[in-house]
Amino acid sequence: MLAADPVVDSAPSVPDIGPGHDTPLSGVQLEYAFAPAPRYPGDAARIGAEGTVLLKILVSTDGAPREVVVQKGSGNHSLDRAAREHVLAKWRSNPARRNGQAEQAYGLVPVVFSMQ
C-alpha cells in the first residue's frame, strides 16, 4: 500500500506578545481543518522512493496556506514537489489566534511518503 501521511508537528506554543505586531506568529502547532494525504507520485513509486518532506507553511487568517516552502527535502524531487503543491492546493487549517483574533502563522509540517 502506498501512503503519504501528514504528521502534526508538536511545536511549542507561542506566548502572547500583545497587540501591535504585524509579523506572523511562528512555531505554533497547526490545527488542521482539512489535510488529506497527497498522492504518491508515479515516478517516485516506480523507483521505490520514500522519505519525509518538512514543509514550512504560512497559514493565513482564513486558514488557507498562503505560502508553502520545502524546509528540508526528502531526497527525491518528485516527493518534495508533490507534498508542497498538494498542501498549497488542498489543505486548510484553523487559523492561529492571538488575543482572540485570527493571525497569520508559520508552522512546520512533516509529510511522510512510505511504500508500506
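Modeller: A search of the whole structure turns up 1 salt bridge, meaning a side-chain nitrogen of Lys or Arg within 4 Å of a carboxyl oxygen of Asp or Glu. The partners are Arg98 and Glu103, with their closest N and O atoms 3.0 Å apart. Bear in mind that this is a predicted model, where local features need pLDDT of at least 70 and side-chain atom pairs count only at pLDDT 80 or more, while totals for chains, interfaces and linings use all residues. Residues are numbered from 1 along each chain as its sequence is written, and side-chain values use heavy atoms, leaving out hydrogens and water.

Both partners are buried: Arg98 because its relative accessibility is 5%, and Glu103 because its value is 18%. Buried here means under 20% relative accessible area, exposed over 50%, and partly exposed in between (1.4 Å probe, protein chains only). Of the protein's 116 residues, 39% count as buried.

Now for the layout. The protein has 2 helices and 8 strands, which are DSSP runs (H or I, at least four residues, for helices; E, at least two, for strands) numbered from the N terminus. Along the sequence they run β-β-α-β-β-α-β-β-β-β.

The largest nonpolar core holds 22 residues, and Leu55, Ile57, Leu79, Val111 and Phe113 touch the most other members. Helix 1 (42–46), strand 3 (51–59), helix 2 (77–90) and strand 8 (105–114) each put in at least two residues. A core of this kind is a set of buried Ala, Val, Leu, Ile, Met, Phe, Trp, Tyr and Cys residues joined through side-chain atoms within 4.5 Å.

Helix 2 buries Ser78, Leu79, Asp80, Ala82, Ala83, His86 and Val87. Among the elements covering those residues are helix 1, strand 3, strand 4 (65–72) and strand 8.

Have a look at the start of helix 2 as well. There, a side-chain oxygen of Asn76 comes to within 2.9 Å of the backbone nitrogen of Ser78, a polar contact (a pair of N or O atoms within 3.5 Å; within protein, one must be able to donate a hydrogen and the other to accept it, and residues adjacent in sequence count only if both atoms are side-chain atoms). Asn76 sits in the loop between strand 4 and helix 2 and is buried, at 14% relative accessible area. Leaving aside residues up to four places away in sequence, Asn76 touches Ala44, Ile47 and Ala49, where contact means heavy atoms within 4.5 Å.
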